[in-house]
Amino acid sequence: MPDLLVATRKGLLRFAHDGKLVEPPAFLGDPVSAVLADPRDGTLYAALRLGHFGVKLHRSTDGGASWEEVAAPAFPAAPDPEGAPAVDMVWCLEAGGSQEPGRIWAGTLPAALFVSDDRGASWRLVDALWDRPERKDWMGGGYDHPGLHTILVDPRDPRKLTVAISTGGIWRSTDGGGTWALCGRGLRQDHVPPERTFDPGFQDPHRLAACAAAPETVWCQHHNGIFRSTDAAETFVEIRDVLPSAFGFAVAAHPGDPDTAWFVPAIRDERRVPVEGRLVVTRTRDGGRSFEALGRGLPERDAFDLVYRHGLDVDATGEHLAMGSTTGHLWIADGGGESWRLLAGHLAPIAAVRFLPD
Amino acid sequence: MPTVTFTAHLARQVPAATLEAPGTTVREVLEAVFATSPRLRTYLLDEQGRLRKHVGIWVDSVPISDRIGLGDPVTATSRLHVLQLLSGG
């Protein structure tokens, strides 16, 4: 497997291709909320959420042996600071397109999109999304504030951006963030008044994943289930009757096959633990018509592991997967998830796992 | 001139040695500190200039009351203690 970065509540870990932990961990004791390995130049980025001292961003140009602090995304200073926004957490980091050297995107709590064009040395708020009047309807989903947790950059045209907000729906830009439109028709939100059930602006998409080879195919692990789009998130079709459950947070899309994706189910909203204590990964290989529950090597009983939005990743071959839980367990899989192996079992809660590009 | 001391917890993240800094309010003293140690700013204040939620400042034995404007008065003999408040585990 490729090397793996694991962002935890108490530091950033790197596991080598042979599965061994690279010592020492970075930021030992500090919460790491997001991580990025930039495929364009190999730079690593790690966002910290220091309990006392706020959000910080560090980058490394030597594979994580040393780190330098750079600017963190921040809102512009308001004339009246009372009630003005401040970044509470960086929830996701993504690289810009291959023809956009130095461009990095960041999604935050409260839900906002920031962009840097100098590898994190400076950031600016994407006003066109922040200023959308619909923002007044966004709500917290798991945190006090709404949060922006997914940024999809179309590999064919990096001006095409898709972002997802819990809870504030899915938004698309085709001009690099200059204008935004709400999309995601067909998504269904149960815990709102019935008139709003299918309102795209009231949806809670937990996580999106697009097929790299066919980016118009977008999978959505939604608060109410699993949905799939074949038109770049404009419209979705719900996939029902997924066993053992369609509730979860994470989703990974096969990089080459738009019909294959993986999910990690929990019982349901108010019981976020594996069904019957048995942890499985569900996989479809036929565009969602059927699912397999893959559990070989995963705990078969008494498991309380929950996998957060960024806690599941697949490598560029589609063969290797990594999964980290809030209980501090880290697994890797071969064969597209057929067989899992526990890599570490006593970690802090895991926020994100991410394979390094080869 | 007022003296400013910092929690050792902060020094783990960024250099923060005890120093003297001029000023008649907490804001003025902190701005003088940031003039010599600019990295400290984002560790103590958020982007709106407010004291971070889990950072506390005491002027001598009294916690400051103006956590947004930082207008609490400081005298030439004051000692400012920058400390962490409780935050998670």
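Predicted model: local features only at pLDDT ≥ 70, side-chain atom pairs only at ≥ 80, totals over all residues.
Some ground rules to begin with. Local features need pLDDT of at least 70 and side-chain atom pairs count only at pLDDT 80 or more, while totals for chains, interfaces and linings use all residues; side-chain values use heavy atoms, with hydrogens and water left out. Residues are numbered from 1 along each chain as its sequence is written, and chains are lettered from A, and ligands numbered from 1, in the order in which they are written.

I will take chain A to start. Chain A has 1 helix and 28 strands; helices (H or I, at least four residues) and strands (E, at least two) are DSSP runs, numbered from the N terminus. Its radius of gyration is 19 Å, close to the 21 Å that the globule rule gives for 358 residues, so chain A is as compact as a globular protein of that length. That radius is taken over C-alpha atoms, and the rule is 2.2 Å times the number of residues to the power 0.38. Taken along the principal axes, the C-alpha atoms of chain A fill a box of roughly 55 × 55 × 35 Å.

How much of chain A is buried? The share is 59% of the 358 residues, where buried means under 20% relative accessible area, exposed means over 50%, and partly exposed is in between (1.4 Å probe, protein chains only). The accessible surface of chain A is about 14200 Å², and carbon and sulfur atoms hold 49% of that. Such areas come from the Shrake-Rupley method with a 1.4 Å probe, and for residues only the protein chains shown count as cover.

On charge, chain A carries 36 positive and 49 negative side chains, with the centres of the two sets 2 Å apart. Lys and Arg count as positive and Asp and Glu as negative, while His and the chain ends are not counted. The place of a charge is NZ of Lys, CZ of Arg, CG of Asp or CD of Glu.

Now chain B. Here there are 3 helices and 5 strands, and from the N terminus on they run β-α-β-α-α-β-β-β. The radius of gyration of chain B is 12 Å, close to the 12 Å that the globule rule gives for 89 residues, so this chain too is as compact as a globular protein of its length. The C-alpha trace of chain B spans about 35 × 25 × 25 Å along its principal axes. Of the 89 residues in chain B, 44% are buried. The accessible surface of chain B is about 4400 Å², with 60% belonging to carbon and sulfur atoms. For its 9 positive and 8 negative charges, the mean positions are 10 Å apart.

Next, the place where the two chains meet. The size of an interface is often given as the accessible area lost when the parts come together. Between chain A and chain B that area is about 1800 Å², with 46% from carbon and sulfur atoms. In chain A, A:His52, A:Phe53 and A:Pro81 lose the most area to chain B, together 40% of what that side buries. Buried area here is the accessible area (1.4 Å probe) that two parts lose on being put together, summed over both.

Last, some backbone details. Most residues other than glycine have a negative phi, and most peptide bonds are trans. Which peptide bonds here are cis? One runs from A:Glu23 to A:Pro24, with omega near -10 degrees, and A:Pro24 is in strand β3 (residues 21-26) of chain A. Another runs from A:Leu109 to A:Pro110, again with omega near -10 degrees, and A:Pro110 is in the loop between β9 (104-109) and β10 (112-116).

As for phi, A:Glu276 has a positive value near 55 degrees. A:Glu276 is in the loop between β21 (261-266) and β22 (281-284) of chain A, and is exposed, with a relative accessible area of 75%. In chain B, B:Asp60 also has a positive phi, of about 55 degrees, although it is not a glycine. B:Asp60 sits in the loop between β3 (55-59) and β4 and is partly exposed at 38%.
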